[in-house]
Amino acid sequence: QVQLVESGGGSVQAGESLKLSCVASGSISRFNIMGWYRQAPGKQRELVATIISGGNTNYADSVKGRFTISRDNAKNTVYLQMNSLKPEDTAIYYCVYGPSLYWGRGTQVTVSS
């Protein structure tokens with residue numbers, strides 16, 4: 001079992017920044033993938049960004065150039081630095097751990113214009 005705890009969500013104005021954190025605990029594999037998904041009201045959950053334990057990253061086109069995912073393997077923590085936030089970034093952001101799929105409970109990000 002793996003437990004994921006997110007933090008760092010909040011309410012900001014368009015153009016501002018937020019940084020999300022997710023700490024994993026439990027049966028952590030040395031080789032794993034961690035990342036972030038988001039779900040806006042009335043929409044399906046979508047990929048935001050992922051990072052494998054070796055450091056390779058993947059981003060949704062909608063966040064490329066604005067969001068940066070990183071991780072600290074010693075702390076089993078993944079981060080999502082979100083810059084130039086837009087109202088369309090408003091969603092609940094979920095941390096995810098793989099290969100056995102685990103989800104965090106989510107943290108709300110609200111961006112007002």
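Valine 5 stands opposite valine 23 in strand 3, and that pair is a handy way into this structure. The model is predicted, so local features need pLDDT of at least 70 and side-chain atom pairs count only at pLDDT 80 or more, while totals for chains, interfaces and linings use all residues. Residues are numbered from 1 along each chain as its sequence is written, and side-chain values use heavy atoms, with hydrogens and water left out.

- An open sheet of 4 strands runs in the order 1-3-8-7, with antiparallel pairing.
- Its edge strands are strand 1 and strand 7 (67–72), each of which pairs on one side only.
- On average, neighbouring strands of this sheet are turned by 15° against each other, direction ignored; the axes are lines fitted to C-alpha atoms, for helices over the stretch in contact, and angles run from 0 to 180 degrees between N-to-C directions.
- Strands here are DSSP runs (E, at least two residues), as helices are (H or I, at least four), numbered from the N terminus.
- Two strands pair if DSSP finds at least two bridges between them.

**Strand pairs to look at**

- Strand 1 (residues 2–7) and strand 3 (residues 18–26) pair in the antiparallel sense over 6 bridges.
- Strand 7 and strand 8 (residues 77–82) also pair in the antiparallel sense, over 6 bridges.

**Two faces of strand 1**

- In a regular strand, side chains alternate between the two faces of the sheet.
- Val2, Leu4 and Glu6 form the covered face of strand 1.
- Gln3, Val5 and Ser7 form the uncovered face of strand 1.

**The disulfide**

- The structure holds 1 disulfide, meaning a pair of cysteine sulfur atoms within 2.5 Å.
- Cysteine 22 is joined to cysteine 95, with an S to S distance of 2.0 Å.
- This pair links distant parts of the chain: cysteine 22 sits in strand 3 and cysteine 95 in strand 9 (residues 91–98), 73 residues apart.
- The link of cysteine 22 and cysteine 95 is left-handed, with -85° about the S-S bond.
- Cysteine 22 and cysteine 95 are both buried (under 20% relative accessible area, with exposed over 50% and partly exposed in between, using a 1.4 Å probe and protein chains only).

**Serine 53 in its loop**

- Serine 53 lies in the loop between strand 5 (46–52) and strand 6 (57–59).
- Serine 53 counts as buried because its relative accessibility is 18%.
- Leaving aside residues up to four places away in sequence, serine 53 touches Arg30, Phe31, Asn32, Arg71 and Asn73; contact means heavy atoms within 4.5 Å.
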